[in-house]
Amino acid sequence: MKAIFLCGGSGKRMFPITEDKFLLDFLGKSLLQRQIEIAQEAGLKHFVIIGNPSNMEKVERIAKSIFGARFEFALQEKPLGIADALRSASPFLQGQVLVVNPNDVFSVSAYTKIIAEAKKAPASSYVLGYQVEEYFPGGYLEVNSQGELQHIVEKPKPGEEPSNLVNILTHLHNDPKKLLQYIGSVQTIRDDVYECALDNMVKEGYKVKVIPYSNFWAPIKYPWHIFKVVEYFLDSAEPYISPTAHISEKATIEGKVILGDNVKVLENAVIRGPVYIGANSIIGNNALVRDYSHIGANSVVGYSTEIKHSYIGDNCWFHSNYIGDSVIDGDCSFGSGAITANFRLDEENVCVEVSSSKVDTGRDKLGAIVGEGCRIGINASLMPGVRVGSNSFVGPQVCLRRDLEANKMALLEPQYQIWNNETRLAQGKRQELLQRLSD
Amino acid sequence: MKAIFLCGGSGKRMFPITEDKFLLDFLGKSLLQRQIEIAQEAGLKHFVIIGNPSNMEKVERIAKSIFGARFEFALQEKPLGIADALRSASPFLQGQVLVVNPNDVFSVSAYTKIIAEAKKAPASSYVLGYQVEEYFPGGYLEVNSQGELQHIVEKPKPGEEPSNLVNILTHLHNDPKKLLQYIGSVQTIRDDVYECALDNMVKEGYKVKVIPYSNFWAPIKYPWHIFKVVEYFLDSAEPYISPTAHISEKATIEGKVILGDNVKVLENAVIRGPVYIGANSIIGNNALVRDYSHIGANSVVGYSTEIKHSYIGDNCWFHSNYIGDSVIDGDCSFGSGAITANFRLDEENVCVEVSSSKVDTGRDKLGAIVGEGCRIGINASLMPGVRVGSNSFVGPQVCLRRDLEANKMALLEPQYQIWNNETRLAQGKRQELLQRLSD
Amino acid sequence: MKAIFLCGGSGKRMFPITEDKFLLDFLGKSLLQRQIEIAQEAGLKHFVIIGNPSNMEKVERIAKSIFGARFEFALQEKPLGIADALRSASPFLQGQVLVVNPNDVFSVSAYTKIIAEAKKAPASSYVLGYQVEEYFPGGYLEVNSQGELQHIVEKPKPGEEPSNLVNILTHLHNDPKKLLQYIGSVQTIRDDVYECALDNMVKEGYKVKVIPYSNFWAPIKYPWHIFKVVEYFLDSAEPYISPTAHISEKATIEGKVILGDNVKVLENAVIRGPVYIGANSIIGNNALVRDYSHIGANSVVGYSTEIKHSYIGDNCWFHSNYIGDSVIDGDCSFGSGAITANFRLDEENVCVEVSSSKVDTGRDKLGAIVGEGCRIGINASLMPGVRVGSNSFVGPQVCLRRDLEANKMALLEPQYQIWNNETRLAQGKRQELLQRLSD
């Protein structure tokens, strides 16, 4: 059986994160590598990876670093959806294929369950249906009493769902050539060609079995979905302190903590796990890192900085900051006193503007999302949910209330006036204050 | 002998503190309860408490929680002064009565002294006279050579005081019915009916003995008077660490410290007494609480926060703040980096505007006074002596220079402009900086 | 042999530092005293110090505190250069004289080398030539093959230097009377009379030997040159902890550290040497002082403050600040949250405006230069390289982007508006948050 990984798409809703989601690192490995390893755990050994012109090289490099698997690579020229991706890989689609979206994170049981079902219950295709407990804005699976797919309903309104089963792209097909034929004959300008093809197969009598699944599932659609993925991988990992890590005797390491090679933890720093810290990073004096935080490699969490429940990339520098519930991509610096607000004064959920409409993030605690290569000036304030495009500067003391596009600078306007200072300071006051302090 | 507690008044000068002064908690008990207990210590067992429509319920609840005392409750419909209060309680005024203002804190010796004097020196009434060393803006007692009251002079100008004895409302009357008669015959529209009645009694030959007193006395007229009361109760209390408090081995507890039930003190926190911390409160990593600070219950003094010589109510949250010489009422939150300035740049005493005239607080160190239920945004600055009315928001990065009324929001105006960022950052700088750091 | 110390000049480029450079204290002693002691180490015992009307008294006081040396004092009325200074001291110039600029710091070997050379190689005068490896904006020495001075070239353009030898004012003259004659006959309105005199002597056949020197040399021309001098003296000093210093057991002292009398280091403070802390200073809880920092006497580095690679004078107060790569003269206070930015967002070298032209400081890390007696308000931000004139105030939350003259106040303009607060906060949120925190 071949696993078909769809890596050719693009994530419009991920602004300001420009990297493909499956290329983000979690605990020192790209998500793609982790996904392949999860599939390997379920016994899969043969992979077809469909990349695009801008990520093909990285995808190949990652694949080649993995042992015990065989890879074929297909190029999808443009991000035109699942059907187009499969067409791009058609020379490699033969025998049983398991089509997977590597931006959705699920546990190995998703694989084992669908594979086991395919062995015992004869059908043309098998699709995973995630059992949701509340409304989720996705495609829903209409199923008959035998658990067979009747129809895929794209984004029904809340209350109009045909079932509690959401379509997850973990689909096993026994005859991919047939599937490609059906794909070929769909007439639509919409982007659900693949789903229409499946629907048509069902209509013409092909049996598509729905496999209910309720273990871990975390789709990454928006940047704040990264938190759940960090939580999952931290919960799954074992604690580990590299033998080359250097931890001051006056530092505190508590709970499940993973420290990479050459990590330094200075005096009075506190790391309260679950927390991951990548290689060569420094946790400075009196810093606090806690609550499912993930810090990449070569980063410096300087003096008196708190990182709480945040995802930090590689090569980031912090200095006397508070970074809470934030996603900070690689190569960013925060000047001393720069702060991410992660809770609205009115204590409501944080909303984000996407394509000029408001999206409720569902989170009452959400800090900033900062793209790659940004600089945040001293004493700057980033409002909850604000997004800073890559390679942008937020000037000192700017209170950033709206998203900033990539390659911009938000700079303070003149804000002070100069006067003559007529004050005569009292003599001896300092001495008196020092005395009071010593009393 | 009955103690008559006047709880029906209102404290106009306490803005933004809306709670009655005697209902403020000190070290876990309301001031009223503490006052009753002080009176009990002096042997008093029978109390008449005169409340008003809005506090009667609370007053009764407090009284009923106290053992070993008998209570009668009288309702004063409007806050019309001492004479009106006593009229409201007239059915209960019989035998010897000791009229007390529970917003003035004094030591038990004020009671014992006046009671002892009443036993040995026959007179109609006895009033406490506080021996001041410098001018105090209150009523002064004119006394003859036998220590008998001649006249009460309301707020004389400095230099025109008839004595150094200030009238404290701790007055013992042997015949309250007679007093009520005199009160009834005063013809005035001013608010000093009670003082006029006393004056009239003196004029008509009743002997009113003045008892000089110089122990602790702290009237609460303005919010910053709360500090002295905290100091008094902390000085009087014994150190105590609840057995359910949890103190990290890496925390420092020094001096006289009182920690309530379930208090948590995290790593590298420092508490330098005298300090009181109420039940369930958390003192976070690297926080510092010092110098006669009082923190209520269920409060969180988060990471890297300093609380210095401040009174904090219940349910307050702090996070990387400096709170110095401030009064923060219950249910307030301070965002990360919000700071109270507690010392003017010109090092002068802090003044406050009350009814459009400036009041010198007499303090060179005074921070903010924040009413109940406020939210202070990240990186906000509160200027010395500034007062924030209850349920108001001070937005992020606002530098609040003037008092803010209740139920308002002070929000930053637009303060930055956006430019294209043409900067080309040098390659390899980060690596070089990391190297320098390691050198 | 007499050492002639030129202390009569003025340092225009040192704004906002108003004190004469040689009167600045380093590790508890004035630079002048250190310079005299260095000369003593080389065997010099007789000093002529040329002061000016405003520093003569201080200069004499310092000289008189030094043992084992003989002093003569000459008054230079106006700062008119080297030639004028020597003329002012002419009665004292006899025998061999070694003319020295005490604002240039060099090691004792500069003296020993020139003295040794004067003993073995007969010449009229000897001048030290500093061997530079890259262009330095100073006077260059043109030398013949015998190492004899041909000509002094003032500030040649880069690439036009006649040698790699920069003229340092450590000049030994065997016949000062002759030198004074030549000085007297120079006809110029420029300020290089002394150099012209030397040139003329060379032209007329006097032999002036150039002594190449490549050990430590640090001229103090701009305030940021102070850093190198601090580094030099710290590197030369022995670690020392005064027996009256009080260091908490929970503090960390690492590397070479000098703590003066009565210094207090509180819990969780970290001092990472090389660092000097003057007498009576306090390093507060959780503070960090590191990286060649120099803190004067009677200063308070309060709670949660970081001082990194900075020169701090006496009587300074800090409180939750970051002071990096900065020079802060005596009697300054920084309010809580005030920060010096020490690195540009674009990571370029910091430039400073001197006499309306930009001077590249050559440093990518440079904070603020603050004159004596300044007050910096809470949450203020000082931009890299900004200079604050003495006795000036920078108001709270001001982001100071341009130099501020002496005796000024930079105050924030109105920046917020007030609105009604219609928010209804959800009940029970706080309890829920406290619960989440405990989970």
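Guide: Let us begin with strands: two of them count as paired if DSSP finds at least two bridges between them, and the strands themselves (E, at least two residues), like the helices (H or I, at least four residues), are DSSP runs numbered from the N terminus. In this structure, strand β40 (residues 408-412) of chain A and β41(B) pair in the antiparallel sense over five bridges, and within that pairing Lys408(A) stands opposite Asn420(B) in β41(B).

Visitor: Before going further, how should I read the numbering and the model itself?

Guide: This is a predicted model, in which local features need pLDDT of at least 70 and side-chain atom pairs count only at pLDDT 80 or more, while totals for chains, interfaces and linings use all residues. Residues are numbered from 1 along each chain as its sequence is written, with chains lettered from A and ligands numbered from 1 in the order in which they are written.

Visitor: How many residues does each chain bring to the contact of chain B with chain A?

Guide: Two residues are in contact if their C-beta atoms, placed from the backbone, lie within 7 Å. On that basis the contact takes 31 residues from chain B and 39 residues from chain A. On the side of chain B that touches chain A, β41 (416-420) and α8 (429-438) of chain B each supply at least two residues, and β41(B) gives the most, with five residues.

Visitor: What residue classes make up the side of chain B that touches chain A?

Guide: Here Ala, Val, Leu, Ile, Met, Phe, Trp, Tyr, Cys and Pro count as nonpolar, Asp, Glu, Lys and Arg as charged, and the others, Gly among them, as polar. The side of chain B that touches chain A then has 10 nonpolar, 15 polar and six charged residues.

Visitor: Which strand of chain C is joined to β41(A)?

Guide: Five bridges join β41(A) to strand β40 (residues 408-412) of chain C, the two running antiparallel, and Gln417(A) has Leu411(C) as its bridge partner in β40(C).

Visitor: What rotation relates chain B to chain A?

Guide: Copies are superposed by least squares on the C-alpha atoms of residues with pLDDT of at least 70 in both. A rotation of 120 degrees, with 0.0 Å of shift along its axis, superposes chain B on chain A with an RMSD of 0.1 Å, which is the relation of a three-fold axis.

Visitor: Within chain A, how far apart do the centres of domain 1 and domain 2 lie?

Guide: Domain bounds come from an automatic or database domain assignment, which for chain A gives domain 1 (2-221) and domain 2 (224-410). Their C-alpha centres lie 31 Å apart, and 15 residues of domain 1 of chain A are in contact with 26 residues of domain 2 of chain A. The side of domain 1 that touches domain 2 divides into 10 nonpolar, two polar and three charged residues.

Visitor: Is Pro91(B) buried or exposed?

Guide: A residue is buried if 20 or more other C-beta atoms, placed from the backbone, lie within 10 Å of its own, exposed if 12 or fewer, and partly exposed in between. Pro91(B), which is found in the loop between α3 (82-88) and β6 (97-100) of chain B, is exposed because it has 9 other C-beta atoms within 10 Å.
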